[in-house]
Amino acid sequence: MNDDKSAAPRNPENQQDEDAIAFGEGLFELARNGGTGPLNIMLDAGVPVDIRTNTGDSLLMLACSHGHPDTARMLLEKGANPDLRNSQLQTPLMCADSRGHKEIVNLLLEYGASAGRPG
């Protein structure tokens, strides 16, 4: 186990690390591109619904930011937290609203997203 407490990303130490990074990147691309079906299968297989990028964007945030209401709904139904903030303190609701995705804004509010700003 590495004793380095640094939060900075490190280069992969072996092929398994590289494979895991590629798998994670694929998950995030599915969320960005509205890949509801394949993403649903991955979540059913045990991928955590609130997995995040190195900048804190959750699968839900990516789906909401890129205008994919079906993917967002599926993630919310699987228990995605609608109030997770990324490294810029943005929530999925903030991202959807700033991009004019009104259907997704309403969906997030329906699933209990907080409309408040960070304190």
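Reader: The crossing of α2 and α4: left-handed or right-handed?
Author: The crossing of α2 and α4 is right-handed (the near helix is turned clockwise from the far one by less than a right angle). This is a predicted model: local features need pLDDT of at least 70, side-chain atom pairs count only at pLDDT 80 or more, and totals for chains, interfaces and linings use all residues. Residues are numbered from 1 along each chain as its sequence is written, and side-chain values use heavy atoms, leaving out hydrogens and water.

Reader: What angle do α2 and α4 pack at?
Author: About 15°, with the axes of α2 and α4 10 Å apart (axes are lines fitted to C-alpha atoms, for helices over the stretch in contact; angles run from 0 to 180 degrees between N-to-C directions). That makes α2 roughly parallel to α4 (under 35 degrees).

Reader: Which residues of α2 and α4 meet?
Author: From α2, Thr 36, Leu 39, Asn 40 and Leu 43. They meet Asp 70, Thr 71, Met 74 and Leu 75 of α4. The residues of this contact divide into four nonpolar, three polar and one charged (Ala, Val, Leu, Ile, Met, Phe, Trp, Tyr, Cys and Pro are nonpolar; Asp, Glu, Lys and Arg are charged; the others, Gly among them, are polar).

Reader: Step back. How many helices and strands are in the chain?
Author: Six helices and zero strands (DSSP runs: H or I, at least four residues, for helices; E, at least two, for strands; numbered from the N terminus). In sequence order the pattern reads α-α-α-α-α-α.

Reader: What share of the chain is buried?
Author: Of its 119 residues, 34% count as buried (under 20% relative accessible area; exposed is over 50%, partly exposed in between; 1.4 Å probe, protein chains only).

Reader: Back to α4. Which of its residues are buried?
Author: Pro 69, Thr 71, Ala 72, Met 74, Leu 75 and Leu 76. These buried residues of α4 pack against α2, α3 and α6.

Reader: How do the axes of α4 and α6 cross?
Author: At roughly 10°, and they come within 10 Å. Helix α4 covers residues 69–77, and helix α6 covers 102–110. The two are therefore roughly parallel to each other. On the α4 side, Pro 69, Ala 72, Arg 73 and Leu 76 make the contact (heavy atoms within 4.5 Å). On the α6 side, Glu 103, Ile 104, Leu 107, Leu 108 and Glu 110 make it. Six of the contact residues are nonpolar, none polar and three charged.

Reader: What comes just after α4?
Author: Gly 79, with a positive phi of about 100°.

Reader: Now the loops. Where is Ser 58?
Author: Ser 58 sits in the loop between α2 (36–44) and α3 (59–65). Ser 58 is buried, at 1% relative accessible area. Setting aside residues up to four places away in sequence, Ser 58 touches Ile 51, Arg 52 and Leu 84.

Reader: And where does His 66 lie?
Author: In the loop between α3 and α4. His 66 is partly exposed, with a relative accessible area of 43%. Apart from neighbours within four places in sequence, His 66 contacts Arg 32 and His 101. The C-alpha atoms of His 66 and Ala 96 are 7.9 Å apart, though 30 residues separate them along the chain.

Reader: What does UniProt list for "repeat: ANK"?
Author: An unreviewed UniProt entry lists residues 55–87 and 88–119 (positions use the numbering here, feature names are shortened, and annotations may be inferred rather than shown by experiment). Over residues 55–87 the chain is 48% helix and 0% strand. The end C-alpha atoms of that stretch are 5 Å apart.

Key
Angles under 35 degrees count as roughly parallel, over 145 as roughly antiparallel, 65 to 115 as roughly perpendicular and the rest as oblique.
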